[in-house]
Amino acid sequence: MPKLHLRRFPTVAVLALVLLALSACGGDYPNSTFSHHTELNDGAVFLWDRMMLLGTIVFVVVEVVLVYTIFKFRRREGGPAPRQIQGNAALEITWTVIPALILVFLAVPTVRTIFESQRKAPDGAVQIEVIGHQWWWEFRYPQYGIVTANELYLPIGRTANFSLRTRDVLHSFWIPQMGGKRDLIANKTNYLWFTPKADLTSSAWNGACVEYCGSSHANMRFRAFTVTPAEFDKWVAHQKTAAAGSPAAMPAPDTSTKGAAKVPVKMAGMPGMPGMTATATPAPAPEAWVFPLEKMKAFTLPSTPLPATRFDDALLAAGDPKAGREIVTNVAKAPCLTCHNIKGETQYLNDDQAKGPNLTHFGTRHTFAAGLFRTDARTLALWIKNAPLMKPGSIMPTFGTGEYNALMKQKVTAGGLDDKQIADVVAYLLSLK
Amino acid sequence: MATTTAAPASAPVHDASPGQTGLWSWVTTVDHKRIGVLYLYTALFYLLVGGLEAALIRTQLARPNLSVVSAETYNQLFTMHGTTMVFLVVMPLSAAFFNYLIPLQIGARDVAFPRLNAFSYWVYALGGLFITLPIFFGVAPNGGWFGYAPLSGPTYSGGFNMDFWVLGLQILGISSLAAAFNFITTIINLRAPGMTLMRMPMFTWMSFVVQFLVILAFPVITAALFFLQFDRFFGTNFYQVQAGGDPLLWQHLFWVFGHPEVYILILPAFGLVSEVLPTHSRKPLFGYNVMAYSGIMIGFLGFGVWAHHMFAVGMGPVADSIFSMATMLIGLPTGVKIFNWIATMYGGSLRFPTSMKFAIGLIAMFTIGGISGVMHSSPPSNMQQTDTYFVVAHFHYVLYGGAMMGIFSGIYHYFPKITGRLMNETLGSWQFWLNFIGLNLTFFPMHFSGMLGMPRRIYTYDAGQGWDLFNLMSTAGTYMLVVAGLIFAFNFFRSRKVGALAGNDPWGAPTLEWSIPSPPPDYNFAQIPEVTSRYPMWDLKSPERTAGLEHSHADAAAITEAHAVPIHEETERRTAAELGIPMPFNTIKPFMVALGIIVMFSGMIVLHAGKFPLAMAMMIGGGAFLVGSLYAWLTSPLE
């Protein structure tokens with residue numbers, strides 16, 4: 001039996017590898033790292049291709065010689081005794097020098113690419129601060145005064161210059177299709193930049209945390225949207241406004257005009273924004289623009305299973321945003337604003353103290369809880385009712401009265417919200433367009 | 001405290017013969033062979049534990065969005081799988097071979113410090129329990145085997161979990177360090193006459209290199225762990241980021257240890273196949289000198305590449321370039337080993353018992369791990385690979401395809417020496433092929449899932465990400481590996497009882513350990529041999545093979561004569577006492593010292609639980625017990 005197997009081994013192995021490689025080429029791989037969407041990944045893929053080529057040559061040579069040796073020199077009864085060779089200096093030098101030469105062909109482009117990818121970001125880049133939290137992503141656009149979470153907008157054709165920090169443990173920022181990752185290190189700011197290429201269409205991508213960061217490391221995901229410069233401008237103009245229903249947003253024409261009036265000034269120096277002045281000058285509240293849900297491919301829409309928590313759908317339909325706002329913005333009723341900021345509402349914490357995502361335009365986000373769930377009324381209601389049940393380790397409290405809080409290891413008795421109140425809160429949050 | 005005199009100074013005249021049985025004889029043994037066997041059994045037990053952890057991990061990841069285990073349990077499982085396989089399985093399996101083989105290969109009667117050797121084992125065995133048992137109570141370490149700060153610190157891991165990890169690794173470090181000093185002393189001082197360094201069997205050479213790696217690398221992790229331990233227990237700020245601590249300090253220290261650790265894991269396996277391949281090729285090892293030097297070279301370079309684990313932390317382009325090129329460089333001595341092994345087989349007369357199959361398996365599979373290793377060395381590309389399943393694929397080809405294949409090869413090769421019986425070849429063949437196919441089915445698809453965007457250390461993943469098929473394949477492969485493991489266990493235990501009798505030298509092997517009976521008598525060599533070449537047994541049995549080698553005696557005819565390697569096969573087995581060979585006494589004291597250490601460290605856990613008086617009692621009591629036992633040990637005669 002062993003003989004039979006030995007003969008079959010190379011065929012089987014090669015066949016299996018070929019099958020695997022084929023299966024990898026044919027399918028749909030939405031998070032593939034072999035993309036050419038940014039110059040950063042061009043460098044990585046170029047090096048990969050070269051290593052793959054050299055590596056395959058080495059692999060094939062070694063395995064072919066090995067397999068040949070196994071078959072050619074198997075022991076035969078009565079065969080001659082093998083020649084006793086102790087070594088061969090010339091041969092050994094050869095197979096030291098050849099790999100060394102191969103490595104030169106790898107080392108030179110490697111060093112070149114290292115220095116290219118780590119030089120200063122080009123001028124005119126959109127600055128984005130990425131702040132890691134256990135277990136969600138905060139994104140800030142300091143040029144525009146925007147603070148958002150878990151959904152990242154990147155203008156096509158313009159360099160995105162990320163500065164990466166963490167509020168707690170280490171994380172790592174990665175959008176596989178856009179290029180390599182970079183760690184978020186406590187007490188240190190890291191940098192990473194890349195330019196989504198001009199030929200990209202408006203599209204959605206997945207991103208993830210790739211440095212183990214505790215219980216819900218697997219649940220620390222995010223979405224990135226590459227959008228046209230015009231779309232980006234519209235998104236920016238809207239995102240910088242105050243939250244719907246907030247006192248700041250109430251006397252609608254006045255404040256928002258003021259807010260919008262600043263836009264062209266700040267934007268003036270930025271490349272790739274023609275028409276900015278025209279759209280933004282005399283406007284009332286800018287029209288909300290978000291990446292259209294229809295354009296999000298299936299792989300960017302989470303299908304995380306929901307818990308068996310009960311919720312009456314009829315209540316959701318009757319949810320009252322005004323009543324919801326009363327609950328959310330009143331810390332005597334619910335402590336929402338002791339962790340979350342909502343622009344335009346009373347602020348208890350500055351942005352660097354806030355423990356939860358900024359909710360100003362929550363309703364414009366397609367996903368929540370670090371990309372774990374789709375933003376719909378029912379899921380959101382379950383989340384508010386018992387978040388730690390849906391995302392292990394989450395410090396978002398369990399609000400549903402009678403629910404078991406896994407973090408505090410007790411049932412919520414006092415201070416919780418009933419389903420009616422939760423439905424109102426949901427209606428309010430979804431109204432934060 | 002008062003029991004330091006438990007063991008009578010002169011153990012009841014058990015003259016430590018192989019026939020000696022009973023639990024007490026195992027607890028008190030100082031015979032390097034029996035300690036080797038203890039290491040072997042203990043490590044195989046932990047292999048079972050670590051393997052079951054892997055099976056659970058893969059079951060959870062078989063399909064997207066499964067909840068076979070909770071997030072918390074999963075995190076404990078992957079942490080313990082890594083910790084177990086590195087510290088409780090591969091290192092101790094290597095230690096089993098160090099113990100059993102080094103004295104036999106260099107022609108010695110025991111290691112330099114037999115009682116220290118027993119101590120190393122007991123610290124390992126008890127320390128292993130210390131770090132393994134918590135998983136049965138849901139408080140196992142959960143910060144990854146790499147324990148990155150600040151996640152492993154008190155702020156983000158406030159429970160007992162990481163206490164067990166920090167303290168457990170400290171305990172295991174004691175074991176490794178004590179053993180390393182022991183083996184270095186043994187190899188330098190106890191070689192038989194004529195056994196020059198350049199005549200040592202290649203396994204002993206690789207073991208020699210490994211011991212230096214241990215004594216240079218383990219102090220670094222010890223320092224790193226002390227910082228963490230002080231952060232956790234006594235409020236220091238080495239890694240406490242809120243107080244300005246530096247999480248990168250941990251990473252640098254950990255990987256200055258962690259990368260040489262990789263070579264600590266793989267070099268003994270390299271050594272084992274370097275014994276198996278020449279034996280079954282009927283040819284001397286090709287390029288012996290280069291094989292020894294490349295081992296040393298790997299050891300040296302292994303200390304200069306640690307930061308390639310950290311290309312994503314932002315070290316800047318200069319550091320990235322330097323560590324990148326150093327990493328590429330280490331591919332050279334490793335490649336030379338592969339080529340020399342193949343050249344050893346080339347032109348030989350090959351026979352394929354299971355040990356040879358596994359040895360060839362190592363060459364074939366380690367090559368894959370080696371090539372993907374070079375692929376990591378290029379930082380811009382590495383930034384797409386690091387912390388994805390591609391890395392998981394890489395190091396499993398190195399550690400399973402390399403280290404474990406080599407160790408299985410070694411077990412099949414040396415089982416007859418250890419037990420006197422051969423393992424079953426049919427079952428061995430089944431095990432090999434299931435292992436070979438299972439390993440590729442498990443780990444090859446991980447290259448794909450990784451490069452297609454799947455991060456490591458995630459307890460679940462969403463559907464539709466393009467990873468489903470690869471994960472299912474990996475899981476199926478893992479179950480094959482479990483079956484292979486069960487076949488091995490069956491074969492191992494069955495062959496002990498009913499395997500064919502082996503005799504002194506079942507394989508026609510070249511080195512000294514095959515000149516003595518199987519299993520060897522407690523004194524190993526009735527008469528210490530004099531060695532005149534690298535392959536004394538071939539000198540004796542088939543001198544034509546070694547005719548081209550340099551010998552101590554120019555006259556070829558004199559070689560056989562001079563090699564009065566006593567062949568014990570025909571002679572009747574005699575006891576050490578009859579031969580007048582002084583043997584070390586069995587003693588319980590090393591076990592007691594180890595126990596004292598465990599009690600002391602357990603006191604730290606109690607301290608964390610807030611029971612201060614009990615903690616103090618345990619630490620002071622354990623310390624006193626330790627010192628008392630050590631005093632009794634040092635003042636009692638060795639033999």
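Reply: A salt bridge here is a side-chain nitrogen of Lys or Arg within 4 Å of a carboxyl oxygen of Asp or Glu. Keep in mind that this is a predicted model, where local features need pLDDT of at least 70, side-chain atom pairs count only at pLDDT 80 or more, and totals for chains, interfaces and linings use all residues, while side-chain values use heavy atoms, with hydrogens and water left out. Residues are numbered from 1 along each chain as its sequence is written, and chains are lettered from A and ligands numbered from 1 in the order in which they are written.

Over all chains, the search turns up 16 salt bridges, and 2 of these cross the interface of chain A and chain B. A:Arg221 pairs with B:Asp462, the closest N and O atoms being 3.9 Å apart. Polar contacts (N or O atoms within 3.5 Å; within protein, one able to donate a hydrogen and the other to accept it, and sequence neighbours counting only through side-chain atoms on both sides) link 32 residue pairs across the interface, both partners at pLDDT 80 or more. H2(A) gives the largest share, 16 residues.

In area terms (accessible area lost on putting the two parts together, 1.4 Å probe, summed over both), chain A and chain B bury about 8400 Å², with 68% of it on carbon and sulfur atoms. A:Arg75, A:Gln86 and A:Tyr212 supply 10% of what chain A buries against chain B, more than any other three residues.

Now the bridges inside each chain. Burial needs its cut-offs: buried is under 20% relative accessible area, exposed over 50%, partly exposed in between (1.4 Å probe, protein chains only). In chain A, A:Glu138 and A:Arg167 meet at 3.9 Å, N to O. They sit 29 residues apart, A:Glu138 in strand E2 (residues 136–141) and A:Arg167 in the loop between strand E5 (160–166) and strand E6 (171–174). A:Glu138 is buried because its relative accessibility is 4%, whereas A:Arg167, at 29%, is partly exposed.

A:Asp424 and A:Lys420 make a local pair, with N and O atoms 2.9 Å apart. Both lie in helix H11 (residues 419–431) of chain A, 4 residues apart, or about one turn of the helix. A:Asp424 is buried at 5%, but A:Lys420 is partly exposed at 38%.

Over in chain B, B:Asp163 and B:Arg232 bridge at 2.6 Å, N to O. B:Asp163 belongs to helix H5 (residues 161–189) and B:Arg232 to helix H6, so the pair ties together parts 69 residues apart in sequence. Both residues are buried. Back in chain A, shared partners join A:Glu129, A:Glu138, A:Arg140, A:Arg165, A:Arg167 and A:Asp352 into one salt-bridge network.

Helix H6 of chain B (residues 202–234) also holds B:Ile215, which counts as buried because its relative accessibility is 18%. Contact means heavy atoms within 4.5 Å, and beyond four places in sequence B:Ile215 touches B:Leu177, B:Ala180, B:Phe181 and B:Ile184. As for chain B as a whole, it has 20 helices and 0 strands, and 69% of its 639 residues are buried.

Methods
Helix = DSSP H or I, 4+ residues; strand = E, 2+ residues; numbered from the N terminus.
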